[in-house]
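Welcome, and please take a moment to look over the chain before reading on. The report below walks through it step by step.

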Amino acid sequence: MPITHLRFRLLMLAAAGGLLAIAFAIRAGSGLLNGAGRLEQYSGTALYASMAYVGVLSLWPRRSPLTAGAIAWAWCWSIECFQLTGVPAYLSGHSLLARLALGVQFDPTDLLWYPLGIIPLAALHELLRRTTRTKIGRPRPAVKVDGPDNTGPRPS
């Protein structure tokens, strides 16, 4: 069954939901571990970037891994720098959704963790693209062409 753009978009949204579930599970389980605050923070940052990557692909399914990764990375850095204005902190005080989407305060360490959430997904995406292309091969013409390359009947 071929993957249509709609199926791909739905798959990316399901992946975002799965990444969000992983982030919430880490947050819920962090109370059980001593000193898990950093694990919670950094994994959340990397998972946020991963969700940004699959979000880009759900909006633009034909984007290459490099382009999708660059857009996701720019989004993450833009949101992180937006936190310097104080607007996300204000909005986060009034809305859990704003807190999850925009964060609260700028942390320069987050700028280093975003690529760790994007690069593995972009690499996997590129690997899947290359594997799919290899299996499918070059598309064959719908109409056979006569000629010396044995793609059609030889002229008499």
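What follows is a short tour, from the whole chain down to single residues.

## Ground rules

This is a predicted model, in which local features need pLDDT of at least 70 and side-chain atom pairs count only at pLDDT 80 or more, while totals for chains, interfaces and linings use all residues. Residues are numbered from 1 along each chain as its sequence is written, and side-chain values use heavy atoms, with hydrogens and water left out.

## The chain as a whole

The chain has six helices and zero strands, where helices (H or I, at least four residues) and strands (E, at least two) are DSSP runs numbered from the N terminus. Following the sequence, the pattern reads α-α-α-α-α-α.

Of the 156 residues, 29% are buried. Here buried means under 20% relative accessible area, exposed means over 50%, and partly exposed lies in between (1.4 Å probe, protein chains only). The accessible surface of the chain is about 11000 Å², and carbon and sulfur atoms hold 68% of it; such areas come from the Shrake-Rupley method with a 1.4 Å probe, and for residues only the protein chains shown count as cover.

Among contacts in the chain with a separation of 6 or more, 60% link residues 24 or more positions apart. A contact means heavy atoms within 4.5 Å.

## Two helices side by side

How do α1 and α2 pack? Helix α2 covers residues 37–59, and its axis lies 9 Å from that of α1, at an angle of about 170°. The axes are lines fitted to C-alpha atoms, for helices over the stretch in contact, and angles run from 0 to 180 degrees between N-to-C directions. That angle makes α1 roughly antiparallel to α2. Angles over 145 degrees count as roughly antiparallel, those under 35 as roughly parallel, 65 to 115 as roughly perpendicular, and the rest as oblique.

The residues in this contact divide into 16 nonpolar, three polar and three charged. Ala, Val, Leu, Ile, Met, Phe, Trp, Tyr, Cys and Pro count as nonpolar, Asp, Glu, Lys and Arg as charged, and the others, Gly among them, as polar. On the α1 side, the contact includes F8, M12, L19 and I26, and on the α2 side it includes L39, L47, V54 and L57.

Helix α1 spans residues 5–29, and H5 lies in it. H5 is partly exposed, with 35% relative accessible area. Leaving out residues up to four places away in sequence, H5 touches P61 and R62.

R9 also lies in helix α1 and is partly exposed, at 32%. Beyond its neighbours within four places in sequence, R9 is in contact with S58, L59 and P61. Between R9 and V54, 45 residues apart in sequence, the C-alpha distance is 8.9 Å.

## Where two loops meet

Q83 sits in the loop between α3 (65–82) and α4 (87–92). With its neighbours within four places in sequence set aside, Q83 is in contact with P88, L102, G103, V104, Q105, F106 and D107. G103 belongs to the loop between α5 (96–102) and α6, and V104 lies in the loop between α5 and α6 as well.

| Residue | Relative accessibility | Class |
|---|---|---|
| Q83 | 8% | buried |
| G103 | 18% | buried |
| V104 | 30% | partly exposed |

Apart from its neighbours within four places in sequence, G103 is in contact with Q83, P88, A89, S92 and A98. With residues up to four places away again not counted, V104 touches Q83, P88, A89, S92 and R99.

## One salt bridge

Side chains of opposite charge can pair when their charged atoms come close. Which side chains form the salt bridge here? The side chains of E126 and R130 do, at 2.8 Å from N to O. The structure holds one salt bridge, defined as a side-chain nitrogen of Lys or Arg within 4 Å of a carboxyl oxygen of Asp or Glu.

E126 and R130 are separated by about one helical turn, because they are four residues apart in helix α6 (residues 108–136). E126 is partly exposed at 23% relative accessibility, whereas R130 is exposed at 54%.
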